[in-house]
Amino acid sequence: MITPASETYLLTRAEQPGSHTIEVFKRLGGYAAIEKVLKQGISRSDVTTEVKNSGLRGRGGAGFPTGLKWTFMPDPEKDPRTRYMAVNADESEPGTCKDRVLMREDPHGLIEGCLLAAYAMQLSAVYIYVRGEYRVPYDRLQAAIDEARAANLVGENILGTDFSCEIHMHKGAGAYICGEETGLMESLEGKRGHPRPKPPFPAGFGLWGQPTTVNNVESIFNVPFIINKGAQWFRGMGTEASPGNFLCGISGHVNRPGIYEVPLGISAETILNEYAGGVWKGRKLKGWFPGGSSTGILPAEMISTAMDHDSIKGVGSMFGTGAMIILDETACTVRASRVLAHFYDHESCGQCSQCREGTQWLYQIFARIEAGKGEVGDLEALERISKQMAPGKTICALADAAAIPTLAVLRHFHDELEAHIREGCCPLRSKGEGGQSQSAQEVHA
Ligand SMILES: Cc1cc2nc3c(=O)[nH]c(=O)nc-3n(C[C@H](O)[C@H](O)[C@H](O)COP(=O)(O)O)c2cc1C
Ligand code: SF4
């Protein structure tokens, strides 16, 4: 039986036919929040305060409070520079595909969120940076912007007021690093997506050197609901420190992979068993990533952990994007680590030596262990390299994203890694359970 979230709001419109059109969106109460703000003359600072009071935390990975981030933008009275927001729709974290659903099924919801953010922070323009592979979401969003413009909701003098805001789309070209906020801005400016050292932070020196806020799609999508129904309503869902619902994408070895709307604080076990139908093929759970591949694997015993920022941190991982990846008992953690290490090695931009060299070494060591050529000392080397990469030792957190899963697999699956080296092959395969490992030739091909 599926236990529904006590109240859902993120996906309710998306379930209606034609939900991507302005007609259906308006019929279901869309654009009421921006109309309320503009027609009732609600002040810009009151909009920011409401978002701040709601306790909404960013859904892009770091969980930073959204309203607080908005207050970092300089006071326009003292700093009259042009101001922007970049909406991060690059969504490349392995296991994560929630923003795709929002943009594809409910693009006007994101546009309304952008308008409210633009009003609150006095932005001249919003840039939506969409993952290049997201063709249908991109087209739906562009069509929705066109519809909104025709309805005087985007552009000059919105709804006959003195509030004006442009919304522009930008297509990514398949680089994970362009999801990192400063890499994203570089890419938007037409340059190579190399992250910038911080400080200066985007609020002081962002797009084209102007004050800029970067927010994730789902973060911004929450805003119209908060303005319509109030911060207290929002705080009625989730936990004290992590309020609201979130979109949990659950994938891997489950019966019903998908995107589910659940309140923060729900147990991972409930999501796995009641929403995703449990581990597939009647097998047992081996391990799970709570929020995308960068968050580090947790063992089956920890599946009762609550899915909120503090609880997941309490068991040594991170909430991340809330995208759970499930591994059943036949999965080889060496192989999983090698696949991920390859991804991070491929996606490193190469600016920092710890990341450029470290990601390459992690991949090579996992590959040789998987190929049955692991050496005594490899596990110590993995740990030493990871600790040289993170935390916070490089320009951006991609190095952390590669090191954290490595340290986690060493912590929770040390015996399995050791057995690979000792036996010269996957211990699951030798017991006839697994067989998912590739041969040495395949790995090195
Ligand atoms: C390597 C890397 C990739 C990232 N990719 C994304 C992404 O695809 N989407 C996203 O929203 N945030 C991504 N982030 C996080 C962003 O840098 C930033 O924290 C986020 O967009 C802020 O939005 P939020 O405060 O609304 O969560 C990534 C971070 C790193 C280090
Ligand atoms: S940590 Fe890695 S991806 Fe990030 S800037 Fe340094 S080299 Fe590039």
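**Entry 1. Model.** I note at the outset that the model is predicted.

**Entry 2. Helix α2.** I looked up which residues of α2, spanning residues 32-39, are buried, and found A33, I34, V37 and L38. Viewed down the axis of α2, these buried residues fall within an arc of 125 degrees, so they line one face of the helix. I then asked what the buried residues of α2 pack against; the partners are α3 (44-54), α6 (107-121) and α9 (217-229). After α2 comes G41, and I recorded its phi as positive, near 65 degrees.

**Entry 3. Cavity count.** I searched for cavities of 30 Å³ or more and found that the structure holds two.

**Entry 4. Largest cavity.** I recorded a volume of about 130 Å³ for the largest cavity. Its lining consists of 15 residues, and A336, S337, L340, P405 and T406 are those that lie nearest the centre. I traced the elements that give two or more residues to this lining: α13 (333-347), α14 (353-370) and α16 (398-412). The largest share, six residues, comes from α13.

**Entry 5. Second largest cavity.** For the second largest cavity I noted a volume of about 80 Å³. I found 13 residues in its lining, with C349, C352, C355, C396 and L398 lying nearest the centre. By class, I counted nine nonpolar and four polar residues in this lining, and no charged ones.

Technical notes: Residues are numbered from 1 along each chain as its sequence is written. Chains are lettered from A and ligands numbered from 1 in the order in which they are written. This is a predicted model: local features need pLDDT of at least 70, side-chain atom pairs count only at pLDDT 80 or more; totals for chains, interfaces and linings use all residues. Side-chain values use heavy atoms; hydrogens and water are left out. Buried means under 20% relative accessible area, exposed over 50%, partly exposed in between (1.4 Å probe, protein chains only). Helices (H or I, at least four residues) and strands (E, at least two) are DSSP runs, numbered from the N terminus. The arc is that of the directions from the helix axis to the C-beta atoms. Contact means heavy atoms within 4.5 Å. On a 1 Å grid over the protein atoms alone, a cavity is a set of points where a 1.4 Å probe fits but cannot get out, and a pocket is an open set with protein on both sides within 12 Å along at least five of seven lines; lining residues have an atom within 4 Å of a point. Grid points are joined across faces, edges and corners, and a volume is the space filled by probe spheres set on the points. Ala, Val, Leu, Ile, Met, Phe, Trp, Tyr, Cys and Pro count as nonpolar, Asp, Glu, Lys and Arg as charged, and the others, Gly among them, as polar.
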